[in-house]
Amino acid sequence: MFGKLAGLSRQPALWAVSLTAVATMLVPGISTAAPAKFLRVTTLSVGPFPDFGMQRSADGRLHLIFQTTAPGSSAPNGLATRSISAAGTLGPQTQALSGWSTARPGLLALPNGTLEAVFGATSPPPNQVSGLWAITSGDGGGSWSAPGNVGSGSLESLAYGSDITAQLAGVTPVLTVPQAGGVVIQQGLGVGSPTQLVTDASDNFAGDVNSAVDAATGEVVASWQSLAGSGGDFIRGVAPTLGAAVRAPGPARTELVLAGRDSGPGVFAAYTTDGSHVRLLRYGGGSVAVGRVKGLSANVLGVATGRDGRIWVMWGQDGLGLAVTRSNRAVTRFEPIQRLNPHPFTLYRLSGDGRLGPLDLLVDQIPTGKGSVPPAGTFYGRVLPELSVQLGSKAVKNKSGHVIAHKLTAKVLDAGDAVSGATLAAKGKKAATNAKGIATLTLSGAGGGPVAVIVAHVGYRQLKTKLTL
């Protein structure tokens, strides 16, 4: 009969079929693809706040825009961009703006394909105009326009020191701006765009603002850390209308990263109430258990949008590395947890994008080093999702009752979802899984020993396990 899931899954077996079978013995599967290699993207004074604007464009590239500094100075002197290709290649740095002391920018991918970066700044002398500014690129970040003022209301002149997050509610840009201790949103760009304060005395004194979009409704949801009263992390729908303000469970943290699904309803954030067990909160109601890793605290948590409605969840601890997993399509179950080590001396923030399938993971940290401590910055690694497999075997006997072969049956799963087109290989034979994730092989011989089984699928880490016939 079918045994437990190979692949270090924490989920119970979803199904079992009665077979005339020999005893089976399963060991946890081993993912054989190389672990993520982390590359430095930027050298920044990182922290729990969003250090960069990030958007995925229609060609599959993930675009990042971030502050730059002059040699020997920590003061911002402009903005630069880097992109990650659909294949996971980190591109060169391109200077998008020079001579401006900007705050941290937000980035929009507009429906016409234009990239628009929005930032708070005071323009250089002689004009020195304070406010909210934007630059645009019509060639995928290769070149950028001169800045134009896009602020409205109080943001027209008072947002020069504010860090911006930017999203689209349908086709309307929504800017989320911490200002004067509160959180202000602006719907649209330019003078006359509606602005609104979305905090009050119970949840203001805000910092470290994040935002995400509900793909089903177009609602923009924001999060922020509040120092009001007993403090806490709050989540609220902010556009096109205001939703309920919700305090996230667990102890107050310096940031609360949000992610929406690429299709279907929901905006999500990860949290822990005991520093170890991680859960995923859905704005508007409900949560689901993600898991834990023995010996690894969930001191820093993050989430990212996956493909087909899935959500990636990440957490980690200074000096010990990270844990990463991805949900099923319904966001009710999770893949086996992966352990990664970008070598964080101090870990600040985890974010990324998984809309192509793999997770393009971004880690803000001070890395470990030999001798002197390397500079802080953002590091990039690509993480492939994990498979699980249920295996069983049935003895095939001749007319004399002797075992002459075994029929090997496998069901390949991704967080409980059946995976079609996966390759099952054992003893030189191969078969592909059907629409229900099932594949069978007939292996000649009487058995009596362990058989190596390999499960592979494009876009996943290869899984190796053994079955005793």
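**Salt bridges in the predicted model**

Asp353 is buried, at a relative accessible area of 3%; buried means under 20% relative accessible area, exposed over 50%, and partly exposed in between, computed with a 1.4 Å probe on protein chains only. This is a predicted model, in which local features need pLDDT of at least 70 and side-chain atom pairs count only at pLDDT 80 or more, while totals for chains, interfaces and linings use all residues. Residues are numbered from 1 along each chain as its sequence is written, and side-chain values use heavy atoms, with hydrogens and water left out.

The partner of Asp353 in a salt bridge is Arg355, with 2.1 Å between the closest N and O atoms. A salt bridge here is a side-chain nitrogen of Lys or Arg within 4 Å of a carboxyl oxygen of Asp or Glu. Arg355 is partly exposed, with a relative accessible area of 37%. Elsewhere, salt bridges with shared partners link Arg310, Arg326, Arg329, Glu335, Asp414 and Asp417 into one network.

By this rule the model has 14 salt bridges. One of them joins Asp360 to Arg56, whose closest N and O atoms are 3.0 Å apart. Asp360 belongs to strand β29 (residues 359-367) and Arg56 to strand β3 (residues 52-56), so this pair ties together parts that are 304 residues apart in sequence. Strands are DSSP runs of E with at least two residues, numbered from the N terminus. Asp360 is buried, with a relative accessible area of 0%, and Arg56 also counts as buried, at 12%.

A further salt bridge pairs Arg307 with Asp308, at 4.0 Å from N to O. Arg307 is partly exposed at 38% relative accessible area, and Asp308 is partly exposed at 38%.

Technical notes
Helix = DSSP H or I, 4+ residues; strand = E, 2+ residues; numbered from the N terminus.
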